[in-house]
Amino acid sequence: MEKERYSERIKSHSMGREKKRFAEGMEDLSKLYGKECDREGNAIYIHIPFCSKICTFCSMRRELSPCNPQYADMIIRHIDNISETPFVKTCDIDTVYFGGGTPTSMDEKDLIRILEKLKSAFLLAPDCEITMETTLSELSPGKLRNLMESGLNRLSTGIQTFSTRGRKLLGRIGDGDSALQRMKEYVNTGLSDISMDLIYNYPGETMEELRNDINIMKNLDIAGFSLYSLISMENSILSNLQMKDTDSSDDTDDMEKDRLFFNTIAGEMRKDGFEFLEITRMVKTGRDSYRYIKARNQGKYTIPLGAGAGGEIMGGAVMNPIDIDRYEEFTHNPMKKMVPVMKDEYNKI
């Protein structure tokens, strides 16, 4: 049975979902914001497309830091120009997610300005989950404490691996020991909901390296983690290296290694009290609810803020301009845009 699951080269974070979306017309975005919200437990997604360094496996929408100093102003202006609409005034928000890029590459005072604006402009639940993605190099413990004082209560850290060799290969900043020390510092702030990303089966990874990552995660007592068998995207720096590594070995052997590594992670972390929330995420019960992904999977509305952010407003699929300059223009009149109105169909893919 296990081998049947691995009979095709389909990795966990490239799998399709059963839910399909089809456009059935276009609508003026102002009309959608002009309606009262008809769903509870909605989300906000804020995209910060800046990074201090581009990881070798990454092909996401991002630019090299420093973060545009006017970018926070753009997001705040965007919020101001939608905050008095019937939709926003009746839309309760259960979760906010800062993604990127590296959101913490933004200046601390600007992140706090955005957090404070969110609290004043939206109907945030008293226990609203507010998540921020970060690399270890862009978030000091002091900066984290200040963000926590403004409402941040969940952290998603891009560790990928604690192996110094693996970190160098993946383009991460700092060696394994410094990564571990920084994670301990985050835990010592008192933030209980800390998550991390784990990449496994990167070129040349050994079982010893994998088990070391597993043991460190157990000892850190993190709340949850995402696990990804490395897929080197076509436009990433690592793609050529991984292609050479794959060409030099039997693809069946690589699938067997994938299966072995995945089952090792799942089996060992289950012993430590983790269970699967979804195919790419394991969490400790009561420690990491990951409301943002639940809201998206349950079809809640998502208000998108920031260049390249996507979401859904009253059935309309919203995508903000990707280009920073175009986004800046858009924030002056964010409801002028025409967006596709979507319908759902459920078919197995």
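Modeller: Let us begin with Asp221 in this predicted model, a residue in the loop between helix 9 (207-220) and strand 9 (224-229).

Biologist: Why is Asp221 called partly exposed?

Modeller: The relative accessible area of Asp221 is 38%. Buried requires under 20% and exposed over 50%, with partly exposed in between; Asp221 is therefore partly exposed.

Biologist: Which class does Met314 fall into, buried or exposed?

Modeller: Met314 has a relative accessible area of 15%. The cut-off for buried is under 20%, so Met314 is buried. Met314 also has a positive phi, about 50 degrees, although it is not a glycine. Its place is in the loop between strand 13 (310-313) and strand 14 (316-319).

Biologist: How do you know that the length of helix 9 agrees with expectation?

Modeller: At 1.5 Å a residue, the 14 residues of helix 9 should span 20 Å. The end C-alpha atoms of helix 9 are 20 Å apart, so the two values agree.

Biologist: What makes the buried residues of helix 9 line one face?

Modeller: The buried residues of helix 9 are Glu209, Leu210, Asp213, Ile214, Ile216, Met217 and Leu220. Seen down the axis of helix 9, they fall within an arc of 160 degrees, and therefore line one face. Residues three or four places apart in an α-helix point the same way, because there are 3.6 residues a turn. The face of helix 9 turned away from its buried side carries the exposed residues Glu208 and Asn219.

Biologist: Which residues of helix 6 are buried, and against which elements do they pack?

Modeller: Pro141, Lys143, Leu144 and Leu147 are buried in helix 6 (residues 141-149). They fall within an arc of 160 degrees when seen down the axis of helix 6, so they line one face. They pack against helix 5, strand 6 (123-134), strand 7 (154-160) and helix 8 (176-188). Just after helix 6, Gly151 takes a positive phi of about 120 degrees.

Biologist: Why is helix 3 called roughly parallel to helix 5?

Modeller: Two packed helices are described by the angle between their axes and the distance between the axes. Helix 3 (residues 71-80) and helix 5 pack at an angle of about 5 degrees, with their axes 10 Å apart. Angles under 35 degrees count as roughly parallel, so helix 3 is roughly parallel to helix 5. The contact is made by Ala72, Asp73, Ile75, Ile76, Ile79 and Asp80 of helix 3, and by Asp110, Arg113, Ile114, Lys117, Leu118 and Ala121 of helix 5.

Biologist: How many disulfides does a search of the whole structure find?

Modeller: The search finds 0 disulfides. For Cys91, the nearest cysteine sulfur is that of Cys37, 3.8 Å away. A disulfide requires sulfur atoms within 2.5 Å, and Cys91 is in no disulfide.

Biologist: What makes Cys91 and Cys128 buried?

Modeller: Their relative accessible areas are 1% for Cys91 and 5% for Cys128. Buried means under 20%, so Cys91 is buried, and so is Cys128.

Biologist: How do you know that Asp197 is buried?

Modeller: Asp197, in strand 8 (residues 194-200), has a relative accessible area of 17%. The cut-off is under 20%, so Asp197 is buried. Not counting residues up to four places away in sequence, Asp197 touches Ser156, Thr157, Gly158, Ile159, Gln160, Ser226 and Tyr228.

Biologist: What joins Gly100 and Gly101?

Modeller: A cis peptide bond joins them, with omega about 15 degrees. Gly101 is found in the loop between strand 5 (92-100) and helix 5 (108-121).

Conventions: Residues are numbered from 1 along each chain as its sequence is written. This is a predicted model: local features need pLDDT of at least 70, side-chain atom pairs count only at pLDDT 80 or more; totals for chains, interfaces and linings use all residues. Side-chain values use heavy atoms; hydrogens and water are left out. Helices (H or I, at least four residues) and strands (E, at least two) are DSSP runs, numbered from the N terminus. Buried means under 20% relative accessible area, exposed over 50%, partly exposed in between (1.4 Å probe, protein chains only). The expected span of a helix is 1.5 Å times one less than its number of residues. The arc is that of the directions from the helix axis to the C-beta atoms. Axes are lines fitted to C-alpha atoms, for helices over the stretch in contact, and angles run from 0 to 180 degrees between N-to-C directions. Angles under 35 degrees count as roughly parallel, over 145 as roughly antiparallel, 65 to 115 as roughly perpendicular and the rest as oblique. Contact means heavy atoms within 4.5 Å.
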